[in-house]
Amino acid sequence: MAADNAVGQRAAGHPSRTQLADERVDFRFKGLPPDAEGLTVGELAAQRRNLFTDGFTTPVLALSAERVEHNLALMETYATRHGLAFAPHGKTSMAPELFARQEEHGAWGITLAVPHQVRVARAHGTRRVFLANELVDAAALRWLAAELDADPEFRFVCYVDSVRGVELMDAALRAAGAARPVDVVVELGAGDTARTGVRTEAECAAVADAVAGVGTLRLVGVAGYEGEVPQADSDRVRAWLRRLVALAADFDKAGRFAGLDEIVVSAGGSAWFDAVADVFAEIPPLSAPVLKLLRSGAYVSHDDGHYRHLTPFNRVPDEGSLQPAFRLWAQVVSRPNPEQAFVNAGKRDAAYDLDLPEAQVVRDARSGELREAAGVTVTGLSDQHGWLRTTPEADLEVGDWLGMGLSHPCTSFDKWQLIPLVTADGTVTDYIRTYF
């Protein structure tokens with residue numbers, strides 16, 4: 001897909017695009033031009049306004065159209081090269097428009113974390129969902145049962161990690177009169193001090209036995225999250241991944257996957273997918289084809305901080321590199337002294353849970369020219385202000401726009417409901433709607 005196609009031009013063929021293109025622009029969406037109120041998103045996208053000169057207000061978060069497309073294509077190539085199916089984690093963006101583009105770039109489906117996220121994905125046409133979490137809420141299971149029964153093409157898989165969880169799922173699904181069993185994978189915990197997941201192989205077998213004892217669930221594989229391995233390094237992560245592979249092989253040998261068309265083995269966050277690729281290549285032949293399901297999600301936007309440092313592409317540079325796609329634009333609103341300035345973006349606008357924003361470029365208010373943000377450092381955030389330390393080379397004036405890189409995609413997307421997709425010349429070609 002060309003990066004500069006507008007929402008209105010691309011609406012046909014996917015429910016998420018049609019819904020977004022028809023949504024009205026109003027006060028809910030910060031940063032958008034006030035004179036666009038009343039237009040549909042599709043109509044606004046078709047105008048191809050310039051981010052800097054056509055009425056957008058600061059602060060405004062932008063995504064690079066070219067870099068998003070680069071990242072989508074890179075991970076598609078990576079997964080294909082390594083024989084992996086790909087279900088990127090949708091909690092990162094909660095943007096059905098991006099879900100659709102990920103699927104166009106070869107994704108098997110979308111990974112999610114909680115029932116609300118599944119409802120968002122389903123409302124926008126997602127057909128395959130991997131829930132990387134346990135699901136024991138009776139109301140959510142009642143909804144899920146109805147959704148599965150109403151749509152034979154809907155594929156859903158979730159974690160299970162306890163006999164009690166199996167009992168709760170079974171009771172809720174029986175009460176709902178579920179006609180289709182829910183597919184589950186036993187989650188292997190990454191260690192005694194890790195997050196969720198069964199701690200020992202013996203306990204995994206007990207959970208699998210519990211699943212086999214009910215008619216409302218179907219065991220289809222094993223899964224886990226290597227990012228929770230304590231004191232994670234390459235050796236520890238690979239050792240845990242080999243435990244996961246061995247668990248799948250042991251379950252298969254014991255006949256626990258009898259009758260399946262495919263066996264699911266899943267792992268993979270955004271920090272160790274190279275290890276997942278290496279170890280999953282070692283999976284021995286089982287009684288059915290193996291769906292080697294990778295779930296990395298932060299790659300779409302990447303970032304200028306946390307993931308820039310820990311991405312596996314740093315270890316395998318020959319495979320390519322992701323590009324940071326976010327840029328938060330704010331305006332200098334105060335210059336109280338030569339060593340200090342303030343912009344009108346703060347904690348409500350910028351991710352700050354891992355690293356502060358990084359000052360990158362300045363757009364001169366007088367000339368409109370862009371230059372590097374030399375001598376400008378973000379030192380802190382208030383709710384609606386960014387604190388800047390400046391040296392004489394900064395040459396920063398009230399009215400200038402400051403472009404900042406962000407760290408941690410998950411807490412960048414969730415602060416913005418409608419994000420302009422911008423080409424390198426400043427043309428806004430598309431809008432990304434989020435649902436948190």
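Which residues does Phe156 touch, not counting residues up to four places away in sequence? Here are some notes on that and a few other spots; please keep in mind that this is a predicted model.

1. Let's start with Phe156. Leaving aside residues up to four places away in sequence, Phe156 touches Val118, Val129, Leu131, Leu135, Leu144, Leu148, Val182 and Asp183.

2. Phe156 also belongs to the largest nonpolar core, which has 121 residues. Together with Phe130, Val182 and Phe280, Phe156 is among those with the most contacts inside this core. Helix α10 (residues 234-253) supplies the largest share of the core, 8 residues. Another core, of 20 residues, lies apart from it, and includes Val41, Leu51, Trp329 and Val428. As a general point, nonpolar side chains in soluble globular proteins tend to be buried together.

3. Next, a helix pair to look at. Helix α7 (residues 138-150) packs against helix α8 (residues 163-175) at an angle of about 55°, and their axes are 9 Å apart. That angle is why α7 counts as oblique to α8. The crossing of α7 past α8 is right-handed. On the α7 side the contact is made by Ala138, Leu141 and Ala145, and on the α8 side by Leu168, Met169, Ala172 and Leu173. Of these contact residues, 7 are nonpolar, with no polar and no charged ones.

4. Finally, have a look at Asp54, in the loop between α3 (41-47) and β1 (60-64). Its relative accessibility is 33%, so Asp54 counts as partly exposed. Asp54 touches Pro33 and Arg49, again not counting residues up to four places away in sequence. From Asp54 to Leu74 it is 20 residues in sequence and 32 Å in space, C-alpha to C-alpha.

Key. Residues numbered from 1 in each chain as written. Predicted model: local features only at pLDDT ≥ 70, side-chain atom pairs only at ≥ 80, totals over all residues. Heavy atoms only, no water. Core = buried A, V, L, I, M, F, W, Y, C linked by side-chain atoms within 4.5 Å. Buried < 20%, exposed > 50% of the residue type's maximum accessible area, 1.4 Å probe, protein only. Helix = DSSP H or I, 4+ residues; strand = E, 2+ residues; numbered from the N terminus. Contact = heavy atoms within 4.5 Å. Axes fitted to C-alpha atoms, helices over the stretch in contact; angles between N-to-C directions. Parallel < 35°, antiparallel > 145°, perpendicular 65-115°, else oblique. Left-handed = near helix turned anticlockwise from the far one by under 90°. Nonpolar A, V, L, I, M, F, W, Y, C, P; charged D, E, K, R; others polar.
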